[in-house]
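The following exercises are to be worked through with the sequence and the three-dimensional structure at hand. Each task is followed by a solution in steps.

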Amino acid sequence: MLDVGCGNGYHCWRMYGAGASTVIGIDPSPLFLCQFMAISHFTGSHHPVFLLPMKIEDLPDFSNTFDTVFSMGLLYHRRDPIGHLTRLKKLIRPGGELVLETIILNSSTSNVLVPSGRYAKMNNVWFIPSPSLLETWLKRTGFVNIRLIDITPTTRTEQRRTEWMEYESLNDFLDPSNPRLTVEGYPAPERAVFLAEKPS
Ligand SMILES: C[S@@+](CC[C@H](N)C(=O)[O-])C[C@H]1O[C@@H](n2cnc3c(N)ncnc32)[C@H](O)[C@@H]1O
């Protein structure tokens with residue numbers, strides 16, 4: 001399995017725990033690599049869970065390799081979301097699966113939000129598609145058997161400040177008088193999970 005934009009590798013360990021035989025995560029952040037190495041130090045090096053400190057653009061040619069490729073929390077950071085989906089598809093083996101988790105615009109039409117500046121204080125959010133538009137992007141990229149399996153608003157109990165995470169969190173990113181909006185007046189984050197397959 002491959003987890004693109006894996007952060008510190010948390011989900012890689014969960015995939016391994018759920019039965020994956022080998023898991024590779026990629027993420028360009030040196031801090032996340034250090035966190036991953038700290039966890040690996042305590043788990044021991046005999047587990048087939050690896051983190052490569054690189055961007056998806058810089059991966060060597062792993063065409064048609066992975067049973068399952070995950071992209072979670074990354075699509076909305078990409079300036080070229082269809083290019084991102086195309087890269088993900090190339091990495092999956094024929095008949096393999098994509099798990100795509102991203103912020104969506106909860107609208108029944110085929111629509112996209114392009115924030116004019118920051119979104120929930122993030123300055124690197126480019127495209128927030130509605131589920132129907134994201135399905136079209138997946139179809140146009142060549143995926144089949146596309147299924148939307150979940151839409152869940154991100155809550156302040158899930159994404160919150162703790163004694164381990166003392167920086168600003170969701171509560172600081174939402175309009176104090178209307179938590180259905182971000183501080184910039186956009187719809188508050190809701191996240192969708194899509195499954196899709198690469199044709200055999
Ligand atoms: C919002 S975090 C999501 C982390 C994790 N997937 C999760 O769901 O908790 C996005 C991650 O994507 C990574 N990232 C950003 N650009 C990337 C790229 N071009 N290729 C791979 N990862 C990237 C960032 O370093 C960051 O860790």
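**Exercise 1. Determine whether Pro-81 is buried or exposed, and describe its surroundings.**

Step 1. Pro-81 has 22 C-beta neighbours inside 10 Å and therefore counts as buried. The classes are as follows: a residue is buried if 20 or more other C-beta atoms lie within 10 Å of its own, exposed if 12 or fewer, and partly exposed in between, with C-beta atoms placed from the backbone.

Two remarks on the model apply throughout. Residues are numbered from 1 along each chain as its sequence is written. The model is predicted: local features need pLDDT of at least 70, side-chain atom pairs count only at pLDDT 80 or more, and totals for chains, interfaces and linings use all residues.

Step 2. Pro-81 belongs to helix H3. Helices (H or I, at least four residues) and strands (E, at least two) are DSSP runs, numbered from the N terminus.

Step 3. Leaving aside residues up to four places away in sequence, Pro-81 touches Leu-75, Phe-127 and Trp-137. Such a contact requires C-beta atoms, placed from the backbone, within 7 Å of each other.

**Exercise 2. State which residues of H3 are buried and what covers them.**

Step 1. Helix H3 spans residues 81-91, and its buried residues are Pro-81, His-84, Leu-85, Leu-88, Lys-89 and Leu-91.

Step 2. Viewed down the axis of H3, these buried residues fall within an arc of 160°, so they line one face of the helix. The arc is that of the directions from the helix axis to the C-beta atoms.

Step 3. The cover over the buried residues of H3 includes strand E1 (2-4), strand E4 (66-72), strand E5 (92-104) and helix H4 (131-141).

**Exercise 3. Identify the buried and the exposed residues of H4.**

Step 1. Leu-134, Trp-137, Leu-138 and Thr-141 are buried in H4. Because they cover an arc of only 95° around the axis, they sit on the same side of H4.

Step 2. On the other side of H4, Lys-139 and Arg-140 are exposed.

Step 3. Among the elements covering the buried residues of H4 are H3, E5, E7, E8 and E11.

**Exercise 4. Give the order of the strands in the seven-stranded sheet and examine its edges.**

Step 1. The sheet is open, its pairing is mixed, and its seven strands follow the order E3-E2-E1-E4-E5-E11-E8. Two strands pair if DSSP finds at least two bridges between them.

Step 2. At the edges stand strand E3 (49-52) and strand E8 (144-153); each has a single partner strand, so one side of each is left without a neighbour in the sheet. From one strand to the next, the twist averages 15°.

Step 3. E8 pairs with strand E11 (residues 190-197) in the antiparallel sense over seven bridges. Within E11, Leu-195 stands opposite Arg-147, and Glu-190 is the bridge partner of Pro-153. Of the 10 residues of E8, the number buried is zero, so E8 lies largely in the open.

Step 4. E1 and E2 run parallel and are joined by three bridges; Leu-2 stands opposite Ile-24 in E2.

Step 5. In strand E2 (residues 23-26), Val-23 and Gly-25 point one way, Ile-24 and Ile-26 point the other way, and all are buried. In a regular strand the side chains alternate between the two faces of the sheet.

Step 6. Leu-51, found in strand E3, is buried, with 24 other C-beta atoms within 10 Å. Its contacts, apart from residues up to four places away in sequence, are Cys-6, Gly-9, Cys-12, Gly-25, Asp-27, Leu-33 and Phe-36.

How values were computed
Axes are lines fitted to C-alpha atoms, for helices over the stretch in contact, and angles run from 0 to 180 degrees between N-to-C directions. Two residues are in contact if their C-beta atoms, placed from the backbone, lie within 7 Å.
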